[in-house]
Amino acid sequence: MELVNADIFQENELVLDDVTFKINKGEFVYLIGRTGCGKSSLLKTLYADLLNPTGKVTVAGFPIEKIKRKKIPFLRRKLGIIFQDFQLLNDRSVAENLIFVMKATGWKDSAKIKIRLNDVLMRVGLTSSMNKMPYQLSGGEQQRVVIARALLNEPLILLADEPTGNLDPEVAEDILKLFFEINRNGTAVLMATHNHQFLLKYPARTLRVADKKVLEHGTHV
Ligand SMILES: Nc1ncnc2c1ncn2[C@@H]1O[C@H](COP(=O)(O)OP(=O)(O)OP(=O)(O)O)[C@@H](O)[C@H]1O
């Protein structure tokens, strides 16, 4: 993923000014900065929810600055997107939540669906909860389901916006470790976080957003 001289707007207001950075295949990158500085706007631009940045924004080979609406689902299949609030379908079981996404993204063979379902649930340690409803799971477990869902289509990049914001510190740390484990298997991760303990305990490349700029922050704070 690469941004070159990109300007990002919210309702015609410039939120990020002249952003240039590159994230290579398989990198892990934290995104930090004060509330309201534009972290979410940056992530939304990367998954083409916030449109029309200027400059060049290339994500998984797609030119975001000129992407056509009908191409957006194909971009999203290359990405895993994870938010703070878990956004599961509450009237469907864990398995049904995942199968729903697979069917919506073109999976048809039920044997393959079953294998992939087991595979992603195993990766997040939730095989035994397959038939539970979201309300029967803890916050950390719900976030694991969301991560499993994000992994279904073997994304090149995981974009996570404050994914541990609603979790207790211990659970949050387990989720962070899961992101690192996924990253070790080759998926790039860009994670917005307010948790500076993470940066100290699990150092990684960090981008800081401040004064409308996105700058390299070294390897720790
Ligand atoms: N839908 C919107 N319409 C108009 N302005 C918006 C919209 N969403 C965000 N903004 C503005 O854009 C700026 C950046 O907001 P953004 O949500 O990207 O910040 P953030 O760094 O993600 O904050 P937080 O850490 O609280 O999530 C803020 O000034 C905000 O008020």
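Where is P155 found? This model is predicted, and in it P155 is in the loop between helix 5 and strand 7 (157-161).

Let's stay with that proline for a moment. P155 counts as buried because 20 other C-beta atoms lie within 10 Å, and the cut-off for buried is 20 or more. If you skip its neighbours within four places in sequence, P155 is in contact with K78, L79, G80, A150 and T187. N97 is another story: P155 and N97 are 58 residues apart along the chain, and their C-alpha atoms are separated by 18 Å.

**Two domains**

Now for the bigger picture. The chain splits into domain 1 (1-78 + 155-221) and domain 2 (87-154). Their C-alpha centres are 24 Å apart. Where the two touch, domain 1 puts in 11 residues and domain 2 puts in 11 residues. On the domain 1 side of that contact, helix 6 (residues 169-184) gives the most, with five residues.

**The nonpolar core**

The largest nonpolar core has 59 residues, and L31, L158, L159 and V189 are the ones with the most contacts inside it. Helix 5 (residues 139-151) is the top contributor to this core, with six residues. Since domain 1 (1-78 + 155-221) and domain 2 (87-154) both give residues to the core, it lies between them. Pick out L159 and you can see who it meets: leaving out residues up to four places away in sequence, L159 touches L43, L46, Y47, L79, I81 and L190. L79 is one of these partners of L159, and L79 is also among the contacts of P155.

**Around the ligand**

Which residues are around the ligand? They are Q10, E11, V15, G33, T35, G36, C37, G38, K39, S40 and S41. Helix 1 (residues 39-46) supplies the largest share of this shell, three residues. By type, the shell has two nonpolar residues, seven polar and two charged.

| Helix | Where it gives the most | Residues given |
|---|---|---|
| Helix 1 (residues 39-46) | shell around the ligand | three residues |
| Helix 6 (residues 169-184) | side of domain 1 that touches domain 2 | five residues |

Notes: Residues numbered from 1 in each chain as written. Predicted model: local features only at pLDDT ≥ 70, side-chain atom pairs only at ≥ 80, totals over all residues. Near = placed C-beta within 6 Å. Helix = DSSP H or I, 4+ residues; strand = E, 2+ residues; numbered from the N terminus. Nonpolar A, V, L, I, M, F, W, Y, C, P; charged D, E, K, R; others polar. Domains from an automatic or database assignment. Contact = placed C-beta atoms within 7 Å. Core = buried A, V, L, I, M, F, W, Y, C linked by C-beta atoms within 7 Å. Buried ≥ 20, exposed ≤ 12 C-beta atoms within 10 Å, placed from the backbone.
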